[in-house]
Amino acid sequence: MSQLNTKTSPATSQASGPEEKGKAGNAKKAEEEEEIDIDLTAPETEKAALAIQGKFRRFQKRKKDSSS
């Protein structure tokens, strides 16, 4: 079974000051990382996708209900 990359991209961090210097290093590091190939036809992948979609739909519904 292949591993999934769970790292967040450096663009999502809201760093300021000395941490901004590290962004260039992180971008270079991301380019060097190997690409992970995920088998989209595997049953485990389909199960995971359905679980993520369900969570997202519930999140959107709660978000919509709370704003009304």
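1. Where is the place of I36? I36 sits in the loop between α1 (20-32) and α2. This is a predicted model, in which local features need pLDDT of at least 70 and side-chain atom pairs count only at pLDDT 80 or more, while totals for chains, interfaces and linings use all residues. Residues are numbered from 1 along each chain as its sequence is written, and side-chain values use heavy atoms, with hydrogens and water left out.

2. Overall make-up. The protein has two helices and zero strands; these are DSSP runs numbered from the N terminus (helices: H or I, at least four residues; strands: E, at least two). Of its 68 residues, 4% are buried. Buried means under 20% relative accessible area, exposed over 50%, and partly exposed in between (1.4 Å probe, protein chains only).

3. Helix α2. This helix covers residues 43-67. Its 25 residues should span 36 Å at 1.5 Å a residue, and the end C-alpha atoms are 36 Å apart, which agrees. The expected span is 1.5 Å times one less than the number of residues. α2 is hardly covered, with one buried residue among its 25.

4. The aromatic pair. The structure holds one such pair. The ring centres of F56 and F59 are 6.5 Å apart and the planes stand at 35 degrees, so the pair is tilted. Rings of Phe, Tyr and Trp (its six-membered ring) pair if their centres lie within 6.5 Å; planes under 30 degrees apart count as stacked, over 60 as edge-to-face and the rest as tilted. Both residues lie in α2, three residues apart, about one turn of the helix. F56 counts as exposed because its relative accessibility is 51%, whereas F59, at 48%, is partly exposed.

5. Surface. The accessible surface of the protein comes to about 6800 Å², and 54% of this belongs to carbon and sulfur atoms. Accessible areas come from the Shrake-Rupley method with a 1.4 Å probe; for residues, only the protein chains shown count as cover. I36 is partly exposed, with a relative accessible area of 34%.
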